[in-house]
Amino acid sequence: MGSLNIFNLLGVLFFKTACFLLYLFPVVFEYQKESKLSFFMEKINVLWADDEIDLLKPHVLFLKEKGYNVITVNNGNDAIDEVEKNHIDIVLLDENMPGISGVETLTKIKSIRSDIPVVMITKSEEESIMEDAIGSKISDYLIKPVNPNQILLSLKKNLDTKRLVSEKTNSAYQQDFRNIGMQLSDHLDYQEWIEIYKKLVFWELELEKSNDQGMQEILKMQKKEANMLFSKFVEKNYLGWISGKNDNAPIMSHTLFKNSILPELKSENPVFFILIDNLRYDQWKVLQPIINEYFRIDKEELYCSILPTATQYARNALFAGLLPSEIEKKFPKLWFNDEEEGGKNLHEAEFLEELLKRSGKNFKYSYNKVTNYSFGKKLSENVSNLMTNQFNVIVYNFVDMLSHARTEMEMIRELADDEAAYRSLTLSWFEHSPLLDILKQVSDKKCKIIITTDHGTIKVNEPSKVIGDKNVNTNLRYKQGKSLDYIKKDVFEIKNPADAYLPKQHVSSVFVFAKEDLFFAYPNNFNHYVNYYRNTFQHGGVSLEEMIIPFIVLSPK
């Protein structure tokens with residue numbers, strides 16, 4: 001474990017150095033802006049094609065003074081030659097030139113380099129010419145006579161927007177970095193942790209657009225620090241939340257139905273409750289723009305998954321409105337412990353039925369679990385049949401299957417190589433899924449929708465050694481059993497499972513939950529095990545990503 005300690009030390013040193021530089025950077029950044037220095041940017045090559053280019057020399061000189069490298073030609077054929085021979089960043093193209101026209105030149109330039117932005121400049125305001133140019137995918141359209149500032153604005157809009165947005169984003173995160181750091185040093189309650197997590201996810205998505213790898217690494221280190229402190233917060237407060245002794249307990253898996261779902265069932269129209277297994281808050285945020293086309297967001301809250309943050313425990317607790325040991329006691333034939341044979345989530349419908357009766361709800365309802373595309377398609381085709389129910393529950397298992405597939409399949413690992421790619425793959429699935437078809441139909445029927453999940457998932461990076469007998473469960477983020485040997489600083493340890501309302505399989509049974517981005521690994525064949533599971537997405541332990549999860553209420557537009 002010595003090498004791991006060295007890596008951890010290097011990580012801490014890197015983070016502290018980064019913190020110092022981020023505190024210093026705004027001064028340097030402002031100086032650089034004022035002095036208009038840009039040491040790391042290559043000159044931008046602007047190709048300007050106009051048969052009256054000699055008359056435009058003042059414009060050309062103006063752009064050169066602004067740092068652009070301007071290449072001039074006076075006909076379409078020469079413009080095409082320049083695009084073929086040189087790296088051109090943007091083209092300013094006169095629409096009316098002798099020889100081949102501007103629109104013809106545009107078409108040929110796009111056939112050579114479809115990605116190159118072209119700004120069409122013309123004396124004519126004829127609609128047909130504009131339509132031809134726009135249909136050929138121009139990036140901007142200017143009417144002569146143009147002044148130098150118009151040209152400069154168009155160049156910035158088409159070339160510098162991403163850079164300017166990136167600089168603004170980086171500068172804003174640098175400011176918020178300090179604010180988040182100061183907040184993390186306070187004694188936070190659960191609601192304050194929600195706000196911290198929301199900020200971290202916001203910046204993760206914003207910095208992803210800027211493609212600034214250095215700033216993204218700083219955010220990862222801040223997120224790692226936040227997870228370390230959140231784990232300590234959970235260790236200190238979790239048993240008080242579960243026992244009811246802590247008055248500030250958050251809404252959790254077993255209390256979600258009573259506190260958040262039941263109040264929404266007063267609608268006259270049917271209510272659809274959709275649970276997407278393993279859906280993290282950041283994944284919800286990338287799906288949100290699509291859903292916003294059809295629904296208004298009435299409520300966006302984050303509730304807390306119970307431990308273990310695993311389907312067997314968290315989802316059963318949600319549908320039963322009970323904690324795991326209470327489910328085991330009330331439904332002894334339906335609850336299966338980790339070491340027992342049998343499906344662990346086969347009786348959600350029965351749990352839900354009993355929960356509705358206990359809540360005094362005698363209305364008609366449905367329960368459907370989607371585990372493959374064909375069943376999702378079939379359900380989509382039968383949405384109209386669900387309209388006679390007051391309450392329709394749909395469990396969608398795709399995201400959970402995606403995380404498992406990424407662990408087991410090399411191709412999926414490559415497609416979802418990092419957090420951004422994992423989100424992108426989730427978005428791509430959703431855009432082409434029967435679930436989106438279902439949502440569209442429900443929107444047309446003017447029905448309310450609730451979207452939530454049972455737990456999140458975290459990308460694990462570092463192993464933590466554990467030793468146990470053959471009956472210890474296989475989950476990489478939590479272990480339960482007798483005679484477990486583990487590294488205490490790496491885990492949240494519950495020596496008496498009854499304290500956390502967890503089933504106690506043996507007299508000496510304990511539960512341990514991996515903290516932060518750790519995963520459990522056995523000493524036997526350690527290196528192979530670590531290489532196989534490092535950088536995979538797992539759940540069951542203690543982290544912001546696994547425990548703080550979305551609960552969304554939507555109304556149709």
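The legends below describe close-up views of a predicted model.

Local features need pLDDT of at least 70 and side-chain atom pairs pLDDT 80 or more, while totals for chains, interfaces and linings use all residues. Residues are numbered from 1 along each chain as its sequence is written, and side-chain values use heavy atoms, leaving out hydrogens and water.

**View 1. The open sheet has five strands in the order 2-1-3-4-5, paired in parallel.** Strands (E, at least two residues) and helices (H or I, at least four) are DSSP runs numbered from the N terminus; two strands pair if DSSP finds at least two bridges between them. Strand 2 (68-73) and strand 5 (140-143) are the edge strands, each pairing on one side only. From one strand to the next the twist averages 20°.

**View 2. Strand 4 (residues 118-122) pairs with strand 5 in the parallel sense over four bridges.** Opposite M120 stands Y141 of strand 5. Helix 4 (residues 102-112) packs on the sheet and touches strand 3 (90-94) and strand 4, contact meaning heavy atoms within 4.5 Å. The direction of helix 4 makes about 175° with that of strand 4; angles run from 0 to 180 degrees between N-to-C directions, and axes are lines fitted to C-alpha atoms, for helices over the stretch in contact.

**View 3. Helix 11 (residues 311-320) packs with helix 13 (residues 348-358) at an angle of about 30°.** Their axes are 7 Å apart. R315, N316, L318, F319 and A320 of helix 11 meet E348, F351, L352, L355 and R358 of helix 13.

**View 4. C304 and C447 are both buried.** Each has a relative accessible area of 0%, where buried means under 20%, exposed over 50% and partly exposed in between (1.4 Å probe, protein chains only).
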